[in-house]
Amino acid sequence: MISGQHAIAEVSQAAQGQQQALDALDARLAELRSQEQALLHERAEQLKALARIRVELLGSDASGALDAAEAEAAQLLEERDTASAALEQEIIDVQAGLDALEQARSAQLERLQSAADALDSAEAATQTRLAADADYQAQLEQTQEAERIALYAAEKASEREQEQASKTSAYQADPLFMYLWQRDYGGETYRGRGLTAWLDGKVARLVGYTDARLSYQRLLEIAPRLRTHAEQRQQRAEAEIDALSALDEAARAADGIPALEEARDREQEAVDAIDQRIDQEEVRLEELIEQRALFATGQDGQSRAAVERLAEALGASELVELERAARVTPMREDDQLVATLIELEREERRLAFMREQTEAARSKQQGRLRELMQVQQAMRKRRMDRPGSQFEDKALVAMMLANFAKGLLDQKGLLRGLEEQYRYRPPRTDPDFGSGGYRRGSPWGGRPHPGSIGRSSGRSRGASSQGGFGGGGFGTGGGFGGGGFRTGGGF
């Protein structure tokens with residue numbers, strides 16, 4: 001067993017691990033990009049060295065243009081470094097702000113827990129008092145009996161309706177019987193005269209209509225009467241439930257429970273406000289990390305301009321011709337320079353391959369982090385860490401998070417697994433006590449403040465108490481994915 005607050009903390013810790021892995025990939029990309037830029041500059045230096053040997057193939061204008069391109073690229077990269085450093089500081093500031101918000105949320109959750117404990121204790125005490133109250137128990141017994149009778153009447157009405165449907169089909173399949181029935185032969189509205197009446201009489205005697213008519217009429221009349229009786233009994237049961245609910249509400253008011261609910265709701269609203277700020281800051285952090293990725297991969301404006309400017313200078317016709325001539329001539333003094341240029345090309349291809357692979361890994365890592373943050377946000381919005389929230393199997397939760405980090409479990413599967421593990425169990429209060437065990441929702445168990453998540457419209461006694469919490473199906477002992485447990489008795 002693990003508390004909801006601890007479960008969300010584990011998801012948050014997993015997200016931090018994913019963030020650290022993403023940071024490492026960004027650092028690796030920045031390192032590769034720096035190495036690629038260094039290779040461009042090294043190639044320029046080698047070409048200038050060749051130019052000094054073969055002055056006739058490279059005029060002073062081309063050499064000067066190469067120097068100017070390097071200077072311009074250096075200026076652009078300096079601007080890039082300044083912007084990157086400012087962005088990195090902004091990321092640090094936002095992460096620090098998020099850490100502070102998480103600490104504030106943890107402290108606020110403790111205040112919420114205290115308020116929820118006070119409410120739960122008060123409700124449990126009220127239930128204990130009502131359990132010993134003779135008038136309350138008398139009303140509870142009346143309600144139980146009325147509900148039992150109503151359920152029985154409804155069951156009998158349904159059985160008779162099914163029986164009617166099966167037994168009347170034989171009559172309705174007989175065209176002669178239905179002909180006489182529709183003409184109300186033998187009834188007050190029959191208008192047959194003369195030959196028509198004589199023929200109808202012959203048909204009636206032929207098919208035994210008189211006895212069949214009485215049987216068919218009884219079949220049609222019994223089911224509606226039973227249904228009317230069931231509805232009357234249901235109304236009586238509803239009145240008894242209303243009376244029991246009124247006693248519940250009066251006892252709650254007498255013991256100051258509404259005020260405790262309001263105090264709990266104020267603490268919950270404070271948690272919700274912090275969650276909203278966390279969501280906003282997480283969106284901002286994701287945007288900043290995406291911007292950092294541009295710097296890490298060299299896709300920012302300054303890096304692209306610097307590379308393009310230097311590549312343009314290196315691609316000048318004079319330089320291309322210089323390198324080509326150096327490779328085909330047997331001059332000993334430029335052999336080492338040519339060998340270095342060839343090695344630089346080989347290294348450029350290697351670095352380009354490594355960068356592409358790292359960029360692909362980063363893209364996958366970014367998607368994984370985004371999905372995990374969405375899971376975390378969904379858990380907060382559904383208040384899966386509210387007081388009384390639990391996850392059945394701590395080891396299974398940890399295993400699911402580990403499998404998600406390894407790519408063995410997707411976001412949908414992780415959410416579904418967490419939902420199936422989720423339970424809400426008030427420590428002391430029985431949500432099915434008194435009027436809470438019927439179809440209208442329970443006044444017990446810390447019912448939600450208006451506009452927040454809470455119970456569903458209720459259930460009848462003996463049904464599993466799944467669903468209803470968090471707009472997505474959480475309730476007393478239930479979860480989105482089913483697997484709820486029963487929390488109360490039944491008839």
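Start with the whole protein chain: among its contacts (heavy atoms within 4.5 Å) with a separation of 6 or more, 78% join residues 24 or more positions apart. This is a predicted model, where local features need pLDDT of at least 70, side-chain atom pairs count only at pLDDT 80 or more, and totals for chains, interfaces and linings use all residues. Residues are numbered from 1 along each chain as its sequence is written, and side-chain values use heavy atoms, leaving out hydrogens and water.

Now colour by secondary structure. You will find 12 helices and three strands, taken as DSSP runs numbered from the N terminus (helices H or I, at least four residues; strands E, at least two). Of the 491 residues, 41% count as buried, that is, under 20% relative accessible area with a 1.4 Å probe, protein chains only.

Next, select Ser12, Gln16, Asp99, Glu102 and Gln376, which lie nearest the centre of the largest pocket, among its 23 lining residues. A pocket here is an open set of points on a 1 Å grid over the protein atoms alone, where a 1.4 Å probe fits, with protein on both sides within 12 Å along at least five of seven lines; lining residues have an atom within 4 Å of a point. Show helix 1 (4–53), helix 2 (60–131), helix 7 (257–296) and helix 10 (335–381), the elements that each give two or more residues to this lining. Helix 2 supplies the largest share, eight residues.

Last stop: glutamine 139, in helix 3 (residues 134–172). Is glutamine 139 buried or exposed? Its relative accessible area is 13%, so glutamine 139 is buried. Select Glu240, Ala243, Leu244 and Leu247 too: glutamine 139 touches them, not counting residues up to four places away in sequence.

Notes: Buried means under 20% relative accessible area, exposed over 50%, partly exposed in between (1.4 Å probe, protein chains only).
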